[in-house]
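Have a look at it first, then read on.

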Amino acid sequence: MTTLHGIGLGFRIDMAADFLAQLPSDVKFVEVHPENYAKRGGLYRRNLNEVRDRYPLLTHGLTMCFGHTDPFDREFLAELKSFLREVDAPWHSDHLCFGGADGAFVHDLLPLPFHEEAVQTVSDRIRQAQDALDVEIAFENVSYYAPQGEDGLDEARFCVEVLERTGAKIMLDVNNVFVNSRNFGFDPRSWIDMIPPERIVQMHVAGHLVRPDGLRIDTHGESVCDEVYDLLEYTLRRTGPKPVLLERDNNVPPLQELIDEVQRLGVVYARATSTNQTAAVPSVADGSAGS
Amino acid sequence: MSLRERERAAARVCFDAVPSDEDLALLGSVERWRDYRSMVRARLTRVVGAAMPRLVAALGTERFEHACTEWLAAAPPTERYFRHVPEGFLAQQQSAFDADTKSPWLGELARFELMAWRILHVDDRDVPPVGPLSFERPIVMNPALEMIDLRYDVQPHADPHRDAYEKKPLHLLMYRSAEFKAITLLLNPLARDLVVAWTDPANADQTLAALTQEVAKRRDTRTGPKFIESLATLLEDYLGRGIVLGSRSDSVPSP
């Protein structure tokens with residue numbers, strides 16, 4: 001398993017030219033969506049080849065949708081496997097959601113209900129992905145806007161159940177935990193506390209939009225808010241050093257603004273993961289809480 | 001409600017022309033699932049607009065929204081790769097654009113813009129081994145290349161305020177340049193037939209000389225010094241532009 005630490009940046013076409021011209025040293029790795037590069041040539045392929053030569057690269061999928069009930073498209077899995085091998089991906093993550101029905105794609109992340117059938121569907125699908133791709137699989141907790149369980153912590157219980165049934169890892173999106181906590185009124189730290197820290201393989205942070213009616217939408221179109229920095233620091237103190245990725249997909253600012261955010265995240269990262277600051281916090285889920 | 005029923009209800013909420021109260025109620029939060037519907041539809045229509053901006057401008061907001069509503073209700077996207085979504089839109093709407101009597105160039109404008117979008121993204125890695133150009137070997141063309149025959153000149157106007165396209169039959173070649181731009185070249189009928197012959201996968205094992213002579217014969221064109229000179233100029237230009245990559249270096253030429 002690749003040991004990858006520090007702050008990375010989602011590599012997107014909007015800032016690729018500036019990024020490749022500057023090759024910022026504060027960025028320790030980049031992440032790409034395979035769906036944006038598989039079977040594609042032109043500028044995307046050239047950018048991918050250049051960035052791969054200069055940075056460690058992680059992959060994060062958009063269409064495996066671990067809660068989907070359609071069978072996997074075998075041709076797509078073969079393409080994905082080929083891509084993951086090509087870029088030597090240490091693991092591959094995708095979302096805990098569904099994304100359409102009967103062959104149609106909504107191209108968005110629709111929320112799963114946190115019930116047993118969904119746990120089983122997700123677990124089966126993750127195991128199929130593990131077998132087909134021959135790489136470690138991690139799932140990402142998503143933002144959701146319609147209530148899916150009895151309380152906000154049902155999602156954490158759902159994630160823990162999937163972790164236990166599959167042996168997969170979690171790609172913890174700290175911003176999504178925060179957004180959901182505000183939209184559904186729960187303590188985000190309690191949510192984080194339920195996830196076994198050793199199962200967290202990577203983290204995401206991003207900015208989100210607060211609508212006039214108060215609903216928070218995970219847009220990836222704003223700067224990371226102060227509360228998410230705090231929650232990231234809290235999480236890193238539990239996990240120790242794990243790769244943290246800044247995502248920005250909309251309203252992409254000049255690269256220097258993103259580098260400034262990466263630097264600020266780096267300060268939080270260093271503070272939280274310095275040896276004397278990282279607490280060996282036991283998790284509720286591994287049964288050792290309170291010991 | 002099973003997970004599958006839930007998926008189907010959510011898909012209908014996102015794609016139906018008007019979401020049903022029954023589906024919204026099944027999913028549990030009418031307001032929030034209307035939000036999901038808006039987000040999904042906005043994202044899908046945005047990529048169509050990115051691929052075909054002049055078509056969208058020609059349609060106007062109201063007609064474009066109507067076209068998207070028809071498309072999503074009749075043929076929800078089955079394209080896994082987001083960049084392919086505009087193909088589904090046009091496949092569903094092409095006949096309506098072609099039948100437009102007020103703007104008879106609409107269908108061709110849509111085809112032209114989508115071709116440019118496709119050219120930018122097409123995977124060009126699957127080419128045979130390439131050596132120097134030789135008439136005695138099969139020619140290798142840039143995979144990021146397409147031909148289109150038009151009745152109207154729907155290329156971008158120099159004047160962006162012009163909103164119609166003149167009737168003018170054209171043969172166009174579009175290719176992706178080394179700078180990753182979609183470049184259009186106007187071809188005469190002979191050049192068009194040559195490029196069609198050179199790019200036809202069925203001719204992959206034919207030598208450049210054989211294909212060229214075949215086209216010239218079919219068009220009753222004399223392959224004298226003037227023809228050879230014009231052909232050499234064309235090939236030199238195409239090599240410089242990256243339209244022609246060279247000749248296959250792995251094949252034994254046909255006798």
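Let's start at B:P143: leaving aside neighbours within four places in sequence, B:P143 is in contact with B:V122, B:D124, B:D126 and B:V127, where contact takes C-beta atoms, placed from the backbone, within 7 Å. Keep in mind that this is a predicted model, with local features needing pLDDT of at least 70 and side-chain atom pairs counting only at pLDDT 80 or more, while totals for chains, interfaces and linings use all residues. Residues are numbered from 1 along each chain as its sequence is written, and chains are lettered from A and ligands numbered from 1 in the order in which they are written.

**Two spots on chain B**

- B:P143 sits in the loop between β2 (139-141) and β3 (145-152) of chain B; strands here are DSSP E runs of at least two residues, helices are H or I runs of at least four, and both are numbered from the N terminus.
- B:P143 counts as partly exposed because it has 18 C-beta neighbours inside 10 Å; the scale calls a residue buried at 20 or more other C-beta atoms within 10 Å, exposed at 12 or fewer, and partly exposed in between.
- Along the chain, B:P143 and B:R176 are 33 residues apart, and their C-alpha atoms are separated by 8.9 Å.
- B:K167 belongs to strand β4 (residues 167-176) of chain B and counts as exposed, with 10 C-beta neighbours inside 10 Å.
- Not counting residues up to four places away in sequence, B:K167 touches B:R151 and B:Y152.
- From B:K167 to B:C14 it's 153 residues in sequence and 40 Å in space, C-alpha to C-alpha.

**Where the chains meet**

- Chain B puts 38 residues into the contact and chain A puts in 27 residues.
- On chain B's side, α1 (3-15), α3 (30-51) and α7 (106-121) each give two or more residues, and α1(B) has the largest share, with nine residues.
- That side of chain B has 20 nonpolar, five polar and 13 charged residues, with Ala, Val, Leu, Ile, Met, Phe, Trp, Tyr, Cys and Pro as nonpolar, Asp, Glu, Lys and Arg as charged, and the others, Gly among them, as polar.

**Helix pairs in chain A**

- Helix α1 (residues 13-22) and helix α2 (residues 42-54) of chain A have axes that come within 11 Å and cross at roughly 45°; axes are lines fitted to C-alpha atoms over the stretch in contact, and angles run from 0 to 180 degrees between N-to-C directions.
- That makes α1(A) oblique to α2(A): angles under 35 degrees count as roughly parallel, over 145 as roughly antiparallel, 65 to 115 as roughly perpendicular and the rest as oblique.
- The residues in contact are A:I13, A:A16 and A:L20 from α1(A), and A:Y44, A:N47, A:E50 and A:V51 from α2(A).
- Helix α8 (residues 226-239) and helix α9 (residues 255-273) of chain A pack at about 30°, axes 8 Å apart, and are therefore roughly parallel.
- Between α8(A) and α9(A), the contact residues divide into six nonpolar, one polar and three charged.

- Beyond four places in sequence, A:V174 is in contact with residues including A:M203, A:V205 and A:L232.

Technical notes
Two residues are in contact if their C-beta atoms, placed from the backbone, lie within 7 Å.
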